[in-house]
Every structure is written in C-alpha cells, then in structure tokens.
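Q: I have to get through this model for class. Take me through it in plain terms, please.

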Amino acid sequence: MSKKLYLKSLGCNKNLVDSEIMLGRLSEYELCDEAEQADVLIVNTCGFINSAKEESISSILELHSLRKQNSLLVVSGCLMQRYKDELMKELPEVDIFTGVADYEKIDEMILKKSSLFSSSTYLQGENSKRVITGSNFHAFIKISEGCNQSCAFCAIPSFKGKLKSRSLQSISTEVQNLVKQGFKDFSFIAQDSSSYMLDMGVKDGLCLLIDEIEKIEGVKSARILYLYPSSLSTRLIEKIISSRVFVNYFDMPLQHISDKMLKIMRRNTPKKSLLEKLTLMKNAKNCFLRTAFIVGHPEESDEDFAELCDFIKSFEFDRISIFAYSKEEDTAAFSMKQVPFKLINKRMKIIEKLVDESINKSFEKELGKVLQAYCLGSSSEGEFFYGAKDIRWDRDIDGEILINESLCGALKMGDLYELQITQVLDKKLLAKAIRKL
C-alpha cells in the first residue's frame, strides 16, 4: 500500500506554488484529506504578519495533536526561514524543519529524516516537477523570487533575499508543458512582478514575457498579479491593454494614498503618479482593478486616514484588501512611533464599511452584462448551481458567479462560456449560460 501525505499550504499563492513543487517530488505518496491517516504531514508556513504567524503555529500544533504514531511532521516555508533558531528549540513536536530554499529536496529530507536549510532562496527551473492543485484549467506561474524594494513595513527581503528572476525560457517551457496537460488560464505571480528581469539588467521584462506567452498555442487567458507602483511603467500598462491573451486585470497594492504616508512607507511613488497609472488602467476596456491598503502604519494621522477613506469612496476599485498594520522585526517601521492598537481597530471598522460598499458597487455594475467565464463545476452553494469565474478574475479571490440557467445544456468544468448576469446577491453574481465559447 502507498504511503499517505497530508499537506497544508498557508499564506499566499506564491507559497502554494512551492507546495505544489513539494507534491511533485512526493508523487509516490497518496494525497489524503484526513491528517489522522497521513504517514507524512507537511505545513508550508507563512511568516509575513502576526496573524499569519499565529495561524502557522496553530496549524503545526493542531496537526501534531491529530497525527498517528510513527508519522513524520514536516514544517517548511517563510516562518521557518525567518525564525529558524527559535522555532527549532520551541517546537519539539516537529520532526523535520526546512525553510524557503530546499523544496525540491523534500523527498531526500523525508527519506533521511533530516532538516535542511540551504543559504539561497529556491528558484524554480523549467524541468521542476509540480502537481497543480485546486483546478483542472488554471495554474499560478511564479516568475521570480525575492524583492529589491525597501518598504518600511515589510520584512520579506530579510528572509527571501534580493530579486532573482526565472529565465523566459524556463517560464515558457513550464507553461507549454501545462498546456499539454489541459491548462489554459494562467496567473503570473512574484513578490514584485513588475520588476521581473531587472536583476538581469532588463527593464520592462514583463513586456518580453507577454510576447513569449502569446506565442504559446493553447493559452486562452492570463493575468499578472502584484504589480509594484515604482517599477510599473506606462509602457507595460499599455502592453497589457493591447495584449490578445492577457486580460485587463490590474492588481497593484497601493498601501496608502497620502503623499506623507507613501514617503514614510518608502513606496517611492507619489500620489500624482499613482493616479496617472490608475487612470490609464481604468480607461481600458473591461478593466478590473484590485488593490490593497494598510491601516494604522506608524505616523498615520487622522488626516492621512481621512484622505485614504475619501480616496476609496471616490475611485471605485473592483476589489480592495485591507490589512491592519503589523509591527515586524527587521523593518524600518518597527522603531517608528506606533499608532495605538485601539485606534487601529477603530479605523479598521470604519474603512471595512467603505470597502464593503465599494466592492458591492463593483458587483452591481455587472448586472445585465454579457461576459466570458470559466465553469468551476459545482458551486459553493451546492449542486443546484454551477460555479463560474469571470475570465478577468484571479482564482478564488475575486468572487464567484452562480449559474442557475443554461441554454447550452450541461456545463463542463474548465470550459469557457458566455454568460448573462441576471442578478446580484450578497457579493455573488447569478447568471444564465448563453453559449459555449
């Protein structure tokens, strides 16, 4: 009988790709959904902010409480890389520790029952084995590792290191191989995607990537996540808009809009320049705008917060993520004058209402429209609806379309359909399938 593997991937989709690399190296194991049955249990941790750290530690201890006798508990990822020495002392429950450099050696570590921390961050190669999870048509493609930015609040460069880009050939080969397996929708991700290839001396490397991906027959749609304002050029925005494959999906975390706060946060792009780029995006046909903001960063005044709130009310993003500031070691903001915790909570409650209103408006604008969407199979609401994803949306994070009527018979997971939006209900769109594309 084959041994069983249980894997829990925490944090962002960049972490998910690393988890899928580990699955590729452990293909002889049978994946299981019950931790109690597993011979090997892996937690791929996130160490970005306090809530993510707490979730990682809680998951490790929970899996230890569920594991069967003689099983192996393995902990990998960002949290381990960042707090290696402390956690190896404080977590005797864990059998194998590893960080962010040795995902392709996970099979060796388990065989030898030994921990491993190599010095450099893992960068995927074109022949890396990988098991895609969660979809039969969509895959995330990591284009680089590390980050050259110096945001005051972020510790990622301290444990992920400087920017290291994959070659165009490596990325192209991976996408071609995935297309042969039936994948056709791709999200390209990195810590700072718009800096891709800067470490190779190439500016606007994403323009070259777009050209390369457009050559691959079978890629039906693609989008780029985590665009960084200071490394995002007008040329690149226009390249995305003119692409026949890349949808007009613009995911650019702003973190704030006050010039004072942008300077303190070391974001390197003033408000005027941000508005110019956002306006260019917004004027694109069928554009979709996603951003993120941090509330309560050190030295954020009432006036700065009010400016942020006014901006959210006026600009009308499609999706907005809001994070309460997290005080992190190895960051410039750690030693700055902190905003009181109670005030951060008060501001979060105010801004969450504004964000909720903004997102509701975005959904309401879709009423009556005809759009293209991928069928996801059964929906989150059960077997009475098909679930679907707008071709512009990223997987999981942007919402769900519920199809309750079809003019083209039974729908197939992974196929692309033309839908008419008939109703908006609690941040979900109800639709009728008109025809298969």
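A: First, the labels: helices (H or I, at least four residues) and strands (E, at least two) are runs assigned by DSSP, numbered from the N terminus. The model is predicted, and local features need pLDDT of at least 70, side-chain atom pairs count only at pLDDT 80 or more, and totals for chains, interfaces and linings use all residues. Residues are numbered from 1 along each chain as its sequence is written, and side-chain values use heavy atoms, with hydrogens and water left out.

Q: Ok. Where does Asp396 lie?

A: Asp396 is in the loop between strand S15 (382–390) and strand S16 (401–406).

Q: Is Asp396 buried or exposed?

A: Asp396 counts as exposed, because its relative accessibility is 64%. The scale is: buried means under 20% relative accessible area, exposed over 50%, and partly exposed in between, with a 1.4 Å probe and protein chains only.

Q: What is the phi of Asp396?

A: Near 75°, which is a positive value in a residue other than glycine. Most residues other than glycine have a negative phi.

Q: Which other residue has a positive phi near 80°?

A: Met197. Met197 sits in the loop between S9 and H8. At 8% relative accessibility, Met197 counts as buried.

Q: Back to the S15 and S16 loop. What is Gly399 in contact with?

A: Gly399 is also placed in that loop between S15 and S16. Leaving aside neighbours within four places in sequence, Gly399 is in contact with Phe363 and Trp393. Contact means heavy atoms within 4.5 Å. Gly399 has a relative accessible area of 29%, so Gly399 is partly exposed.

Q: How many residues apart are Gly399 and Arg319?

A: They are 80 residues apart in sequence, and 9.5 Å apart in space, C-alpha to C-alpha.

Q: New topic, sheets. What order do the 6 strands of the open sheet take?

A: The order is S6-S9-S10-S11-S12-S13, with parallel pairing. Two strands pair if DSSP finds at least two bridges between them. Strands of a sheet pair through backbone hydrogen bonds, either parallel or antiparallel.

Q: Which are the edge strands?

A: Strand S6 (138–142) and strand S13 (319–324), each of which pairs on one side only. From one strand to the next, the twist averages 20°.

Q: How many bridges are there between S6 and S9?

A: There are 5, in the parallel sense. His138 stands opposite Asp185 in S9. On to the next pair: strand S9 (residues 185–189) is joined to S10 by 4 bridges, and these two run parallel. Phe186 stands opposite Ala222 in S10.

Q: Which residues of S10 are buried?

A: Strand S10 (residues 221–224) is covered on both faces. Ser221 and Arg223 on one side, and Ala222 and Ile224 on the other, are all buried.

Q: What about antiparallel strands: how many bridges join S17 to S18?

A: 7 bridges join S17 to strand S18 (residues 429–436), and they run antiparallel. Tyr417 has Lys436 as its bridge partner in S18. S17 and S18 form a hairpin with 4 residues between them, and Asp426 in the turn has a positive phi of about 50°. Strand S17 (residues 416–424) also pairs with strand S14 (residues 370–379), antiparallel, over 5 bridges. There, Val370 has Gln420 of S17 as its bridge partner.

Q: Helices now. At what angle do H8 and H9 pack?

A: At about 15°, with the axes of H9 and helix H8 (residues 205–214) 9 Å apart. Axes are lines fitted to C-alpha atoms, for helices over the stretch in contact, and angles run from 0 to 180 degrees between N-to-C directions. H8 and H9 are therefore roughly parallel to each other. Angles under 35 degrees count as roughly parallel, over 145 as roughly antiparallel, 65 to 115 as roughly perpendicular and the rest as oblique.

Q: Which residues of H8 and H9 make the contact?

A: Leu206, Cys207, Ile210 and Asp211 of H8, with Arg235, Leu236, Lys239 and Ile240 of H9.

Q: And how do H9 and H11 cross?

A: The axes of helix H9 (residues 234–242) and helix H11 (residues 271–282) come within 10 Å and cross at roughly 10°. That makes H9 roughly parallel to H11. H9 supplies Thr234, Ile237, Glu238 and Ile241 to the contact, and H11 supplies Lys277, Leu280 and Met281.
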